[in-house]
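Thanks for taking a look at this one with me. Please open the sequence and the model side by side before reading on.

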Amino acid sequence: MALTATTIRKMAETSLPEQDLFIVDVAVSDSAVRPKITVLADGEQGITIDQCATISRRINKQIEEMLGEEELSYVLEVSSPGLDFPLTQPQQFNRNIGRNLKLRLQNDTEKTGKLEEVTETGLNLLEEVKQKGKKATYVPVQIPFGEIVKANVVISFK
């Protein structure tokens, strides 16, 4: 049986040690010799190294049970998504209320602003509107999840 991202995602979801944890992304490289499996997990309060290690051990055990006697060499990496990784899950948006986000939308436009609220259907953003020679103004906008192609936290060093 092949190690696919779908198979690994199912294993990862059953390997979560805490109720508030969730899987953000799963990737499996194409290498037939030694595939690299990457699992990104997060939690409402973040995720610890110990929680990542628990998930890793549990996934390893499930892979061994699935493959049985079959020998397969692979690399398994379980970690949290970094600040530069796009937000993909509603729970991630909840953790970032009050932060500035940069969104790319379906119509290829970008919006930047402060995340005010996360609803069941989308985001309420206080969009920063810049006009040449004038001070930026802030306009409340509602953006449905279906319109968002990519969402990143804007990192500020102020």
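1. A word on the ground rules. This is a predicted model, in which local features need pLDDT of at least 70 and side-chain atom pairs count only at pLDDT 80 or more, while totals for chains, interfaces and linings use all residues. Residues are numbered from 1 along each chain as its sequence is written, and side-chain values use heavy atoms, with hydrogens and water left out.

2. Start with the largest nonpolar core, which has 19 residues. A nonpolar core here is a set of buried Ala, Val, Leu, Ile, Met, Phe, Trp, Tyr and Cys residues joined through side-chain atoms within 4.5 Å. Buried means under 20% relative accessible area, exposed means over 50%, and partly exposed is in between (1.4 Å probe, protein chains only). Among the residues with the most contacts inside this core are Ile8, Ile37, Val39 and Ile63. The elements giving two or more residues to the core are α1 (5-13), β1 (21-28), β2 (36-43), α2 (49-67) and β3 (75-79). Of these, α2 supplies the largest share, 5 residues. Helices (H or I, at least four residues) and strands (E, at least two) are DSSP runs, numbered from the N terminus.

3. Leaving aside residues up to four places away in sequence, Ile8 touches Leu3, Val26, Val28, Ile37, Val39 and Ile63; contact means heavy atoms within 4.5 Å. There is also a second, separate core of 14 residues, including Leu87, Leu103, Leu123 and Ile143. As background, nonpolar side chains tend to be buried together in soluble globular proteins.

4. Now look at aspartate 42, in strand β2. Asp42 counts as buried because its relative accessible area is 7%. Arginine 95 forms a salt bridge with Asp42, the closest N and O atoms being 2.5 Å apart. A salt bridge is a side-chain nitrogen of Lys or Arg within 4 Å of a carboxyl oxygen of Asp or Glu. This pair links distant parts of the chain, with Arg95 in helix α3 and Asp42 in strand β2, 53 residues apart. Arg95 is partly exposed, at 37% relative accessibility. Beyond Arg95, the contacts of Asp42 include Phe22, Ile47, Pro81 and Gln92.

5. How many salt bridges does the rule give? The count comes to 6. One of them joins glutamate 127 and lysine 111, with the closest N and O atoms 3.4 Å apart. Glu127 sits in strand β6 (residues 122-129) and Lys111 in strand β5, 16 residues apart. Glu127 counts as buried at 13% relative accessibility, whereas Lys111 is partly exposed at 21%. In another, the side chains of lysine 102 and glutamate 110 meet at 3.6 Å, N to O.

6. Please check the backbone at aspartate 108. This residue lies in the loop between β4 (100-105) and β5 (110-118), and it has a positive phi of about 70 degrees although it is not a glycine. Most residues other than glycine have a negative phi. Is Asp108 buried or exposed? Asp108 counts as exposed because its relative accessibility is 63%.

7. Finally, isoleucine 155 belongs to the segment after β8 (148-153). Ile155 is partly exposed, with a relative accessible area of 42%. The C-alpha atoms of Ile155 and leucine 3, 152 residues apart along the chain, are separated by 35 Å.
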